[in-house]
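Try each task before you read its solution.

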Amino acid sequence: MKALVYQGPHDRAWTEVPDPSIQFATDAIVQVDAVTICGTDLHILKGDVPEVVPGRILGHEAVGTVTAVGAAVQTLAVGDRVLVSCVSACGNCRFCREGRYGQCLGGGGWILGHMIDGTQAEYVRVPFADRSTYKIPDGVTDEQMVMLADILPTSYEVGVLAGAVRPADVVAIVGAGPIGLAAIMTAGLVSPSHIVAIDIADSRLESARKFGADVVVNPSRDNPRAVIDELTAGLGADVVMEAVGLPETFEQAVELVRPGGHLANIGVHGAPATLHLERIWGKDLTITTGLVDTCSTPTLIGLVVSGQLDTARMITHRFGIGDFESAYDVFGRAGETGALKVLLTATH
Ligand SMILES: [Zn+2]
Ligand SMILES: [Zn+2]
């Protein structure tokens with residue numbers, strides 16, 4: 001088969017590799033029908049994720065058709081169409097037992113396209129297949145479904161649920177890239193009174209409005225704290241989400257939250273940030289961090305089925321699966337191309 005193989009920093013290739021096969025009785029093999037690229041894949045390609053070794057097939061989000069199941073797989077059969085989640089779950093460890101699959105101790109967690117070969121391929125081996133896939137309900141398109149592999153549960157769980165967004169809250173989201181836009185979309189499910197999007201790119205702020213932000217702030221022109229003060233009688237935002245992953249945006253997010261409020265960090269950070277405890281020690285803040293568990297995937301599937309969540313609108317560019325090189329190029333130059341999520345589909 002062909003697959004997108006990491007060959008070392010700044011080096012990738014869509015190339016011929018051996019087909020995957022069942023290695024454990026709990027595995028399934030899935031023929032990939034639709035697949036996308038994550039910002040994390042770009043981090044890997046920069047060499048920021050050293051545990052990814054050359055030769056690894058990238059990708060942790062896909063929709064496909066089951067072509068083989070191991071002897072212990074109970075809920076899947078050949079021919080089933082499934083979502084392959086970015087997080088695999090052993091189901092038995094202490095963290096899986098509390099739904100904290102992202103922290104799985106039994107060989108799961110975020111392993112696809114990371115510790116084992118991933119989904120940017122014609123076929124993928126899915127470990128712990130019963131608990132790492134979701135069947136695609138009738139009437140839900142591959143496009144809607146593949147957005148539920150990572151970006152939507154990440155923004156909903158690590159942003160909206162961890163941030164404890166409540167109706168009538170003022171929610172500020174620092175960063176209006178794909179994950180920030182997904183956070184805006186899923187925060188809207190809880191009916192906040194205002195969603196304030198903060199970004200230095202006007203094009204992303206324009207997208208933020210389309211995804212449900214009613215106030216947008218470009219910090220290179222306006223002071224976000226002043227805008228939020230006006231909405232909150234000077235208190236600050238009830239919930240702030242950091243969706244960038246830089247020290248300065250985290251530090252800005254801390255400045256925007258009200259006493260007793262929540263700061264939910266979604267961004268993936270590669271450098272330390274300063275926490276000004278001398279200013280916030282008495283403010284009763286709750287600061288959360290997290291890796292997605294995908295425990296909310298059934299909820300999000302339900303929202304897609306009922307028409308309350310249009311996830312396919314995240315997709316801006318479409319390619320055939322053999323065109324991974326162009327797809328990476330377009331996604332990697334999102335500033336110029338306006339790419340949010342790219343979709344690659346296979347014809348078989
Ligand atoms: Zn991802
Ligand atoms: Zn586990």
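**Exercise 1.** Count the helices and strands of the protein chain.

*Solution.* The protein chain holds 13 helices and 15 strands, taken as DSSP runs numbered from the N terminus (helices H or I, at least four residues; strands E, at least two). This is a predicted model, in which local features need pLDDT of at least 70, side-chain atom pairs count only at pLDDT 80 or more, and totals for chains, interfaces and linings use all residues. Residues are numbered from 1 along each chain as its sequence is written, while chains are lettered from A and ligands numbered from 1 in the order in which they are written.

**Exercise 2.** Compare the radius of gyration of the protein chain with that of a compact globule.

*Solution.* Start from the rule, 2.2 Å times the number of residues to the power 0.38, with the radius taken over C-alpha atoms. For 348 residues a compact globule would come near 20 Å, and the protein chain has 20 Å, which agrees. Next, look at the extents: the C-alpha trace spans about 60 × 40 × 40 Å along its principal axes.

**Exercise 3.** Describe how helix H5 and helix H6 pack.

*Solution.* First, locate H5 at residues 151-161 and H6 at residues 178-187. Their axes (lines fitted to C-alpha atoms over the stretch in contact) are 8 Å apart, at an angle of about 65°. The two helices are therefore roughly perpendicular, a term that covers 65 to 115 degrees. Finally, sort the contact residues: nine are nonpolar, four polar and none charged, with Ala, Val, Leu, Ile, Met, Phe, Trp, Tyr, Cys and Pro counted as nonpolar, Asp, Glu, Lys and Arg as charged, and the others, Gly among them, as polar.

Definitions and conventions
Axes fitted to C-alpha atoms, helices over the stretch in contact; angles between N-to-C directions. Parallel < 35°, antiparallel > 145°, perpendicular 65-115°, else oblique.
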